[in-house]
Amino acid sequence: MQGKGLINFFVILISIACLYSLSFTFVTRKVERDAVAFAKGDPVKERAYLDSMATVDVYNLGFAKFSYQYCKERELALGLDLKGGMNVTMEISLKELISNLADNPKDENFQKALDNAEARSKESQKDFVSLFGEEFKKLNPNGKLATFFANKDNAVNNITSNSSDGDIIAFLQKESGSAIDRSFNILRTRIDKFGVTSPNIQRQQGTNRILIELPGVSDEDRVRKLLQGSAKLEFWETYDNAEIFPLLENVNRTLASTLKTSQASASTTDTTAKDSTSGGRLASLSGNKAAGTDSTTKDSSAVALEQARNQNPLFAVLSPNIGQGPQGQQMLGQGPVIGYVLQKDTALVNSYFNSAEIKSIIPGNVKLLWSVKPVSKESKMFQLFAVKPTGLNAGPVLTGNVIADARADVDQRTNNPQVEMVMNSEGAREWRKISAAAAATNPKKAIAIVLDNTVYSAPTVQDEIPNGVSSITGNFTFEDTQDLANVLKAGRLPAPAKIVEEAIVGPTLGQAAIDAGINSSVIGLIVVLIFMIFYYNRAGLVANIAVIFNVFFIMGILASLGAVLTLPGIAGIVLTMGTAVDANVLIYERIREEFALGKGIRQAISDGYKHAMPSILDSQLTTFLVGIILYIFGTGPILGFATTLMIGIITSLFTAIFITRIIFEWMIKKDMKISVSYPWSENTLKNANFGFTKNRKKFYGLSIALVVISLISVFTKGFSLGVDFSGGRTYTVKYENAVNLEEVRGHVNATFGVNSEVKTFGGDNQLRVTTPYLIDQTDDAADKQVLDKLNEGLAKVQNNPYQIVSSQKVGPTIANDIKVSAIYSVIFSIIVIALYILIRFRKWQYSVSAAISLAHDAIILLGIFSVFDGILPFSLDLDQHFIAAILTVLAYSINDTVVVFDRIREYLKEHRAKNESISHVVNTAINKTLSRTIITSLTVIFVMAVLFVFGGEVIRGFSFAILIGIILGTYSSIFLAAPIFADLQGDNETSVKELSAKEKGNLNPVKA
C-alpha cells in the first residue's frame, strides 16, 4: 500500500483534532452536571452557578487554559428538538411604521390616535391599522388622512390629496402586511447567518408579532442585539470637542440652577450652600477631593459628595474629554468625543438632556449619541459623541441604502476585528465628496458611523476615500463584527422590532423521547457491529473499528464547525453509518471473489480494494451530489441533514478505504489470520440465480399499482400535516407543581386525536402546547372547541391545578419557501444524479432508469403516509422530520442503484465477445450484487427497526419512514432500476456481442 506513512499521519492528526473539538463538550457537560448537583432542582440556583462559572478556567491543557464560557461557545450543541433553547416573541412597531409613512407629523390628533390605537391593540382582536383609523375619526371627525400621507414617497402607490380615508387605510394595511413579511424574512436571514442550525421562526397570525426559537443559545444579550436592531445605518458629520464644551458648561450651570431652585422651593428652612458652578470638571474634582479630605465621618463625606453633585450635576457623572498638553497642562481633547460616562450613569445623563430646561438650550443642529460599547470591559465607560444634522432633512450626510456588501475582516495594522463595507456607485461618489471635505478641514474632521442611533466608530478622515470601500473599527470581538456584517447585509427592518416576551424552552421531543431515541440508536449500532462480526468474521471486526472511527470523526467535525445536532442530523449519521458499512461490504464481497479465484491473502485484499473502488466512488459521489444540492437549496432541517450527510460521506470513504486497509496491512505484517467469512456464510447467495429480469413485468405491474394507489390517495385523502407545516393554536399553561412532560403530551394527543407539540416553557411547571386541531377553522366557535378539548386533556393530570396563561394562533414553522425549496431540491437532485450517471456510465438508459426508480420510491413512501394515516396506531404526520426521512431514503436508494449499475457495466464489458443476451447479463449482475445489497440494507434496517420499536412514540413516524424507505430503495434497485435498464436497451434478447457491434457501428463514419 503506497503512502501508508502519510495516511497514518493524517489519521493521527484528524483524531487529535476531533478529540480536541469534542473535549469542550465533555468539559461543559461536567460543569453543567456539577450545576445540577449544586442546585438540587432549583433552576435559579443552577443558572446562577453557571453564570458564576462563566469566566472561571475549567479546562486546563497545560499550555492553555479555557473558561466555561469559551468552552460553551465551542461545544457540540443540541437542537430545539433534543435540548431546547431560547424562545423570543418579536413585535414589529406598526405605530412607528405609520408615523414614518406620514413623514413623522407633529399633529397632536395624529399622534394621539397612534397612542390610543396602541393601547387598544393590547385587548382588541382588530388589526392595528383599523384601530388607528377609528381613533383618528373619533379625534378629528372632519379630518382627512390624505393630508398626512399624500407625499412624494407614497405617490408611487397612487396616494394623492384626493384619496379617501378608505384608500389610505387599505394602503396602510397593505404596507403593514408587507412590513411584517419583510421583517420576517430579514429576521430569518439574520438568524440563518447567526450560526444556529434548525431554528424555528413563525408569524403569529393576525398580529404584528413573530415567534422565534433558537437552539443551543447561551449568549442571550447577543441574540437581543441581533434581533432588535433595525439596521438603520447612517454617516454623520461630527463636531470637535472644543466646539461643544461651552454648551456642556452651560448645561451644567442650568442643571445646577434648576436643582437649587427646586430644593429651595421644597425646603421649609433656609440652607446656606456655597454655589460654585464654574470651573467644569476640574472644579468638580477638586471639590470632591476637598470634601473627602475634610470629612471625618461617613455622613459628612456623603453630604460633601451631595453638595458637589448639586453644584456640578452634569460633570459629577460626565467626565469631559480633557487631556494633557505638551507641558503637562490640562487642555480639551480633540475629536468628536465630548465626554465619558459610566454605564450605570447613562440613564441619568439621558434624563438630564431630555429635560425641558436642557432641551431648550441645545441647538437644533446638535445631536448627542452614545457609543455602542464601553471603552474597555474593565472601565464600563461609554463615550458621548456630538454629531451635526445637515441638509434639508437635517439628518445624516449618507444612509445605509448605499451599502452593497459588508463582511467581517481583520485590520492589517492592528490585527483587530473590523467590518469592511463596500458601497454602490452612487454611494461611492457621495462618500468621495464627504471624505474629501472632512479631510480638508483643520483640524481634520471625523465621520461618525451610526447604526440604530448608536455610534459604532468615528474615525478621523485623513484623506479622500475614492473607491467607496471603508471599514468600521472599534472595541469589537470577532463575533461582534460577524453580527454587524450580518445585520448590514440582511437589510434594514422596515419598522423597529422589539422583544416583548422571552423564555428558555425545553426540548420539543421531551427528555424521555430523547433518551429512548439515543438508547435505541446505540442498541441498533451495537446490533450492526455484532452482525458484521457474525457474518464477516475478523474482517467484520475491522469494519466495526472503521465505523466507530467514522462516527467519532463526524461528531468531531460537527463540533469544530459549531453545528447544532438535531434529529434530522442524526438521520444523516444513521445513513452515513449505512454507507460506511456498505463500502466495507463491497470490499469484502470483492475480496471473497478474489479468494474464490485462488489468490493469496495479500493479493486478494489488494485486488479486492482495487475492483471495489469504482462502485464505492460512484455510489458515494452520487449521494454526495444529493448532499451538495440540498445544502445549496435547503434551509432549516434540510440544511442540517445535508451538512451531516456530506461530512459523513467524506469520513466514510476515508475510514472504509484507508483505515481498514492499514489494519489489514498490520495484520498481514503480524502474520495474523484474516477471514472474511465463516464456513456457514462463505457461500451465502454466492450461486444465486433468481429470475429478476424474467419476472420483471410482474414487478412492473406491482410498482405501477402501488404508484397509482399512492397518487390517488395523495390527491384525494391527502396528508395529516404536523404543526411544522400547518401552524396551529399555541397555549401557555402553568401548573401549580412540576409536571411529567410525557404524561401531559399523552393526555393532550389522546384528547385532540392529532399529534400536538408539548414542551417546557420556562420552569418545569410551565408548558407550551401547540396543536393543529381545527386549524382550518378560525371562528370563535372553533376557538372554544379547541380550548375545551385542551382543558379536557390538561385536567387528566391528577392533583395538580393549572391555568392557561396565554393563547395565540401561530403560522407554520416550515415557511412556504422552505417547503418549495425542499420540493425543488428533491427534483433537482434526481435530475443532477441522472446527469452524473449519464456522464459516468456513458448511456442515457442508466440515467432514465435511476430517475424512474427514485421517483417510484418517493411517490410510494408519500402514498404510504397518506393511505395508512389514521389506520396505523402511531402518527404519520408530515413534519420537518419527514423531510429528513424522505431525503435519507432517496440518498440511500441511489447509492444502492449505482452499485448494481456498476456491476452491470463491468459485466457488459467482460461479456462483450459472448452471445449472452442483455437480459441474462443484467440478471447475472443483480444476482452477483445480491449479497452486498441485502447485507447493507440489513445493517440500516437493524438500526431503524430498533429505533422504531424502542425509540418512543414521538419519533416512531420518523423511524417508520426511513425503515419503509430503505425496503423500498432495496426493492427498486433490484426489481425495477436494473430491469428497466435492460428494457431500455431495446430487444431484451439482443446479445451483448450484437449490442457492442451495433454501438461501435454507430460510432463509425458512414462510407459513401
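1. A charge sits over a ring if NZ of Lys or CZ of Arg is within 6 Å of the ring centre and within 35 degrees of the ring normal. In this predicted model, Arg905 meets that condition over the face of Phe841, at 4.3 Å from the ring centre. Arg661 is likewise placed over the face of Tyr609, with 4.9 Å to the ring centre.

2. Overall content. The protein chain has 1008 residues, of which 52% are buried. Its secondary structure amounts to 33 helices and 25 strands. Among contacts with a separation of 6 or more, 74% are between residues 24 or more positions apart. The accessible surface is about 46600 Å², and carbon and sulfur atoms contribute 57% of that area.

3. Confidence. Mean pLDDT for the protein chain is 78, and 80% of the residues reach 70 or more. By element, the highest mean belongs to H23, at 93, and the lowest to helix H11 (residues 280–294), at 34. The stretch 268–298 has pLDDT below 50, yet the model gives it 25 contacts beyond near neighbours in sequence. Residues 1001–1008 also stay under 50, and there the model has zero contacts beyond four places in sequence. Where pLDDT is low, the predicted coordinates should not be read in detail.

4. Nonpolar cores. The largest nonpolar core holds 116 residues, and the members touching the most others are Tyr588, Phe664, Ile837 and Ile904. Helix H29 (residues 880–910) supplies the largest share of this core, 17 residues. Ile904 has contacts with Tyr846, Val922, Ala925, Ala978 and Phe981, leaving aside residues up to four places away in sequence.

5. Aromatic pairs. The whole structure contains 38 aromatic pairs. Phe24 and Tyr70 form an edge-to-face pair, because their planes stand at 65°, with ring centres 6.0 Å apart. This pair connects distant parts of the chain: Phe24 belongs to helix H1 (residues 4–39) and Tyr70 to helix H3 (residues 68–72), 46 residues apart. Phe24 has 2% relative accessibility and so counts as buried, whereas Tyr70, at 29%, counts as partly exposed.

6. A tilted pair. Phe235 and Trp431 have 5.1 Å between centres and 55° between planes, which is a tilted arrangement. Here too distant parts of the chain are linked, with Phe235 in strand E7 (residues 233–238) and Trp431 in helix H15 (residues 425–440), 196 residues apart. Phe235 is buried, at 0% relative accessibility. Trp431 is also buried, at 4%.

7. Aromatic cluster. Phe531, Tyr535, Tyr536, Tyr588, Tyr609, Phe664 and Phe942 make up one aromatic cluster. Two of these residues, Tyr588 and Phe664, are also among those that touch the most other members of the largest nonpolar core. Tyr609, another residue of the cluster, is the ring that Arg661 lies over.

8. A loop residue. Thr693 sits in the loop between helix H22 (679–682) and helix H23 (696–716). Its relative accessible area is 3%, so Thr693 is buried. Leaving out residues up to four places away in sequence, Thr693 touches Ser919, Val922 and Asn923. Val922 is also one of the residues touched by Ile904.

Note on methods:
Residues are numbered from 1 along each chain as its sequence is written. This is a predicted model: local features need pLDDT of at least 70, side-chain atom pairs count only at pLDDT 80 or more; totals for chains, interfaces and linings use all residues. Side-chain values use heavy atoms; hydrogens and water are left out. Helices (H or I, at least four residues) and strands (E, at least two) are DSSP runs, numbered from the N terminus. Buried means under 20% relative accessible area, exposed over 50%, partly exposed in between (1.4 Å probe, protein chains only). Contact means heavy atoms within 4.5 Å. Rings of Phe, Tyr and Trp (its six-membered ring) pair if their centres lie within 6.5 Å; planes under 30 degrees apart count as stacked, over 60 as edge-to-face and the rest as tilted. Accessible areas come from the Shrake-Rupley method with a 1.4 Å probe; for residues, only the protein chains shown count as cover. pLDDT is the predictor's confidence in each residue, from 0 to 100. A nonpolar core is a set of buried Ala, Val, Leu, Ile, Met, Phe, Trp, Tyr and Cys residues joined through side-chain atoms within 4.5 Å.
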